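Me: Could you walk me through this one? I'd like to start with the sheet and then move on to a helix.

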Amino acid sequence: MGLEAILQKDGYVTTTIDAIVSWARKSSVWPMPMGISCCAIEMISAADPKYDIARFGSEVMRFTPRQCDLMIVAGTVTYKMAQVVRRIYDQMPEPKWVIAMGACTSSGGMYRSYSVVQGIDQFLPVDVYTAGCPPRPENLLNALMTLQEKIGKTKARDFQNRPLVDLELAQN
Amino acid sequence: MDVKALIVEKVKEKFGSSLEEVSDFRDDLCLTIKRDQIVPLGNFLKNDPDLQFSMCKDVTAIDWATRKNRFTVVYHIHSFKLNFTLRIKANITDESNSIESVTSLWKSADWYERETYDMYGIKFVNHPDLRRMYMPEGFEHYPLRKDFPLLGIPGSLPFPKKAE
């Protein structure tokens with residue numbers, strides 16, 4: 001009966017490497033919490049017991065970009081900060097993804113101003129945009145699930161090793 | 001004696017010819033002084049035993065856009081002895097956009113003057129470290145001037161290198 005009964009015997013499943021790898025990848029996306037302003041508070045709420053981002057395997061927020069797969073850009077990005085965001089993104093190992101959390105990161109939001117970047121997709125490749133000002137934690141979880149769906153469709157050969165020179169990291 | 005009357009009387013006695021205007025609008029006393037007298041006036045207000053304006057709370061500027069003398073520099077100073085905040089204005093009357101720094105009197109004016117320089121391009125002579133504050137080094141414009149467009153000047157602030 002049930003799974004235990006099956007596991008008593010020897011067995012096997014057939015699948016593809018890509019399916020296993022992408023399943024493993026999407027089930028433990030480690031976020032880099034790029035909390036720049038008020039969206040960060042909602043991002044923190046998403047990790048608390050009520051919303052519990054751990055259900056999706058993303059509870060491990062790492063404050064070093066070298067251990068992260070996903071950058072959650074949560075807050076207003078100014079032109080001055082854009083240099084920092086891009087630099088941290090460049091330090092994350094491939095493969096990597098980006099969630100633009102909230103109106104400010106997606107389009108500049110209410111800051112239609114000379115100092116604020118009108119959408120971070122002008123200097124970062126964004127995978128998922130999240131609406132809201134700030135988005136509720138459910139909305140961030142929805143963005144994460146959307147991203148998981150996207151990661152689930154990837155194949156290992158989508159991310160081939162590239163020399164550091166191509167990544168413009170060699171001089172850093 | 002009334003605090004305002006005391007201040008006005010004392011300043012008039014010492015700076016009578018340089019005092020351009022005294023206004024008392026909505027309970028805010030404001031003195032307009034000739035530009036070259038800003039440091040002597042500040043020195044007097046700070047060190048006079050009856051006044052003791054020992055704290056500089058703000059330095060900013062006004063861009064009048066269409067007027068001939070385009071910029072006015074505004075100071076807010078506070079006296080704990082009188083429990084009174086005084087506003088001082090100084091009109092910049094030529095094209096140099098410069099005024100003497102008051103950092104020698106109030107250390108707190110350092111960053112206020114840097115901010116005013118960053119936003120309006122007013123040069124504070126004898127400021128110890130007149131660099132940009134909010135905008136990046138090398139930025140060529142002054143955002144709070146009236147002729148600066150709201151969304152900035154395209155290309156004036158560089159993006160980081162774009163992803164492949």
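Reply: Two strands count as paired if DSSP finds at least two bridges between them, and strands (E, at least two residues) and helices (H or I, at least four) are DSSP runs numbered from the N terminus. This is a predicted model, where local features need pLDDT of at least 70, side-chain atom pairs count only at pLDDT 80 or more, and totals for chains, interfaces and linings use all residues. Residues are numbered from 1 along each chain as its sequence is written, with chains lettered from A and ligands numbered from 1 in the order in which they are written.

Me: ok, in what order do the five strands of chain B run?

Reply: The order is β1-β2-β5-β4-β3 in an open sheet of chain B with mixed pairing, and its edge strands, β1 (19-25) and β3 (55-63), each pair on one side only.

Me: And in which sense do β2 and β5 of chain B pair?

Reply: Strand β2(B) (residues 28-33) and strand β5(B) (residues 84-91) pair in the parallel sense over four bridges, and Ile33(B) stands opposite Ala90(B) in β5(B).

Me: Switching to chain A, which residues of α6 are buried?

Reply: Taking buried as 20 or more other C-beta atoms within 10 Å of a residue's own, with C-beta atoms placed from the backbone, they are Pro137(A), Leu140(A), Ala143(A), Leu144(A), Leu147(A) and Ile151(A).

Me: Why do they line one face of the helix?

Reply: Seen down the axis of α6(A), the buried residues fall within an arc of 115°, so they line one face; the arc is that of the directions from the helix axis to the C-beta atoms.

Terms used:
A residue is buried if 20 or more other C-beta atoms lie within 10 Å of its own, exposed if 12 or fewer, and partly exposed in between; C-beta atoms are placed from the backbone.
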